[in-house]
Amino acid sequence: MKIAVLVKQVPGSESPLPINSDQKWVDENTIAYIMNESDNYALEEALQIRESKGEGEVVVISLGPVRIQKVIREALAKGADRAIHIQMDSESEIDPLSTASHFVNVMKVEGFDLVFSGLQSDDIGMGQTGVLIGELMGMATASLAIKTEVGDGYIKVKRELEAGWFQWVKLSLPASISIQSGLNTPRYPSLKGIMGAKKKEIKVVEPNKNESKQTLEKIYLPNSDKQTVMIEGSIDQMVEKLIDTFRNNIKIF
Amino acid sequence: MKTLIILEDNNGKIHRMGLESIVAAQKIASALKGSIQAVVIGQNADTLADEAASYKLDEVIKIKDPLLDNYSADGYAEAVKQVIDQENPDYVLFGHSYQVRDYAPKVSAKLMKPFLVDNVAVSIDNGKVVLTKQMFNAKLFSDIKTNGDSPFLISFQSAAFSSDAANKGSAVIKELNINIEASMIKTESEAPFKEQAGGIDLTAADLIVSVGRGIGKEENIPIAQDLATALGAELASSRPVVDAGWLPSAHQVGSSGQSVSPKMYLALGISGAIQHMVGMKGSKNIVAINKDPEAPIFEVADYGVVADVLELVPKLTEALQ
Ligand SMILES: Cc1cc2nc3c(=O)[nH]c(=O)nc-3n(C[C@H](O)[C@H](O)[C@H](O)COP(=O)(O)OP(=O)(O)OC[C@H]3O[C@@H](n4cnc5c(N)ncnc54)[C@H](O)[C@@H]3O)c2cc1C
Ligand SMILES: Nc1ncnc2c1ncn2[C@@H]1O[C@H](COP(=O)(O)O)[C@@H](O)[C@H]1O
């Protein structure tokens, strides 16, 4: 069983996000990067499948500038076997078709049984890269997977539907699955894993030239028309004002 | 200029997000002087077509085929692709539902045309459509433009438009033939099922204290629970709290959890991602406590406190007791 896991590096949820003066992207120098949340779950799922089968290979593939080797190393430390880094420096690349075609290019020669990706990237949130790759490669696809069961020549996934509904879908291999958060408990890298990762292969490849079919014109802070009453002061004053708001404005007691 | 809307079947009724995309289509069509067609697919196509025909559209297109009776990503993607091939629209609109997330990217790959997802607004600049999309989990907004030739696939976020604003009218209905073979469908789907929510019904709660990742760790959950108890409120949470196993899934509010509308929703350390907001926007009073003054939750909050929940909440609980 050969499994590709797409792992993206994105700003952490508490990172500052200063907008560049040309309003085309954020200032990457000040950002604290982490592994995309759903990708972390996708990686864990792939590692567990390999471990339960007792054979196979988990290959991490990431697209982006040199800085992304930090999450690649992290994935290798957690137990991925090797990695492919499609090195691309351009910021604010937001065209998922172009992104997917870079991945397809390196995957074509690999022959993966499974492609696991996160449901959605926490920076640009296009929510489609895994499905695009699957379709471009003629694989079966399923998104919003919250459970997987691998059998002989197939994978069954439990999909999350809206409003508390679910559905099991069986896909013959090869298949591309987009993983939703929460389906397992992602591991932390062990010290041994961190040491071992240094020896694992990261193959760096060049992207092909693609034309973007959608481009970012401008990025900006949302402007709210909502009038939020801000409760300010020292902690004790905030407590007092909150209770006053509960009593006199919201009238809960 | 032609706009095509793909309407989703929600148990024999048009999915609310479909009605919202009718509003978007009417906005685009009136600005660019174009026509609107709506597409309904599957075993409920007849009923859906009748419902769709009561809106101000030019035409409703019915797609029926035994292979489309039940949803499959491959079947739906192929059907929509063939409609696009036959009708040549410039813009193809969807609601950004879970079903659309599952199959619409396949249409994009088949046509090699971009799928611009999850937009919150649309405007027209020099005869071209400009879309507004949230990025970085709603902390920033972006304007996105399309390049190259149409068609462009576009989806809108839940509640980007109010479905009440869809203009009524009457449209003609036609049936379109498409060509689908069983071999095109690479998946086998079982029937959808609902999972027991596990006891708590947040939908009827009058007061809710909801806890997000900002609470920091499992050991801190009692801080939120104590406040809920002091207020006589139910305890709810965002998804990461459930994903991490700090609370059972029955507590989750949002697009994959419960939708609530209490008199007061008190959010502790919740950033305000759209998938959470859709579940709690209907609350009469939203109070948010978050240490980040820029957190998107303050966009919907009636009352906001910029503070560390670990510091403020125990004091608040104490004062209430
Ligand atoms: C298809 C799909 C479905 C989803 N369904 C749901 C759903 O049903 N429900 C749901 O909730 N989410 C859902 N999500 C996830 C959603 O997108 C967000 O990731 C999630 O809501 C974020 O939860 P959070 O606000 O608790 O965490 P974060 O976004 O990490 O925010 C934590 C917040 O806490 C603040 N904070 C940190 N420390 C403190 C402190 N000490 N004091 C005060 N504030 C602090 C931070 O400033 C931050 O604003 C879904 C996502 C997808 C893609
Ligand atoms: N540049 C990238 N590097 C690695 N993985 C990516 C990249 N872009 C997208 N992905 C994968 O595709 C998923 C969905 O991304 P998106 O379609 O941008 O929301 C992510 O969660 C990743 O698993």
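Strand S4 of chain A gives the most to the shell around ligand 2, with three residues. Keep in mind as you explore that this is a predicted model. S4 covers residues 57–64, and together with helix H3 and strand S6 (114–118) of chain A, S4 belongs to the elements that each supply at least two residues of this shell.

Let's look at the surroundings of ligand 2 in more detail. In total, 19 residues surround the ligand, and the closest are A:Asp39, A:Gly118, A:Ser121, A:Gly127 and A:Thr129. Which backbone atoms come close to the oxygen atoms of ligand 2? A backbone N or O atom of A:Gly127 lies 2.6 Å from an oxygen atom of the ligand. A polar backbone atom of A:Gly118 is 2.9 Å from an oxygen atom of ligand 2, and for a polar backbone atom of A:Gln128 the distance to a ligand oxygen is 2.9 Å. On its own, ligand 2 has 480 Å² of accessible area, and the protein covers 97% of it. The place where ligand 2 sits is the largest cavity.

Now stay in chain A and find helix H3, which spans residues 96–107 and includes A:His102. Is this histidine buried or exposed? A:His102 has a relative accessibility of 3%, and because buried means under 20%, A:His102 counts as buried. What does its side chain meet there? The side chain of A:His102 makes a polar contact with the side chain of A:Asn208, at 2.6 Å. If you set aside the neighbours within four places in sequence, A:His102 is in contact with A:Leu63, A:Ile86, A:Met88, A:Pro207, A:Asn208 and A:Asn210.

Of the 32 residues around ligand 1, the nearest are B:Ser238, B:Val253, B:Ser271, B:Gln275 and B:Asn290. Zoom in on B:Ser238, and you will find a polar side-chain atom 2.6 Å from an oxygen atom of ligand 1. Backbone atoms of chain B also take part in the picture: a polar one of B:Gly269 is 3.1 Å from an oxygen atom of ligand 1, while a backbone N or O atom of B:Gly257 lies 3.5 Å from a ligand oxygen. Taken alone, ligand 1 exposes 1,000 Å², of which the protein buries 93%. The elements that give two or more residues to this shell are three helices of chain B, namely H4 (98–111), H6 (239–243) and H7 (274–280).

Conventions: Residues are numbered from 1 along each chain as its sequence is written. Chains are lettered from A and ligands numbered from 1 in the order in which they are written. This is a predicted model: local features need pLDDT of at least 70, side-chain atom pairs count only at pLDDT 80 or more; totals for chains, interfaces and linings use all residues. Side-chain values use heavy atoms; hydrogens and water are left out. Helices (H or I, at least four residues) and strands (E, at least two) are DSSP runs, numbered from the N terminus. Buried means under 20% relative accessible area, exposed over 50%, partly exposed in between (1.4 Å probe, protein chains only). A polar contact is a pair of N or O atoms within 3.5 Å; within protein, one must be able to donate a hydrogen and the other to accept it, and residues adjacent in sequence count only if both atoms are side-chain atoms. Contact means heavy atoms within 4.5 Å. A residue is near a molecule or strand if one of its heavy atoms lies within 4 Å of it. Accessible areas come from the Shrake-Rupley method with a 1.4 Å probe; for residues, only the protein chains shown count as cover. On a 1 Å grid over the protein atoms alone, a cavity is a set of points where a 1.4 Å probe fits but cannot get out, and a pocket is an open set with protein on both sides within 12 Å along at least five of seven lines; lining residues have an atom within 4 Å of a point. A molecule sits in a cavity or pocket if more than half of its atoms lie within 2 Å of its grid points.
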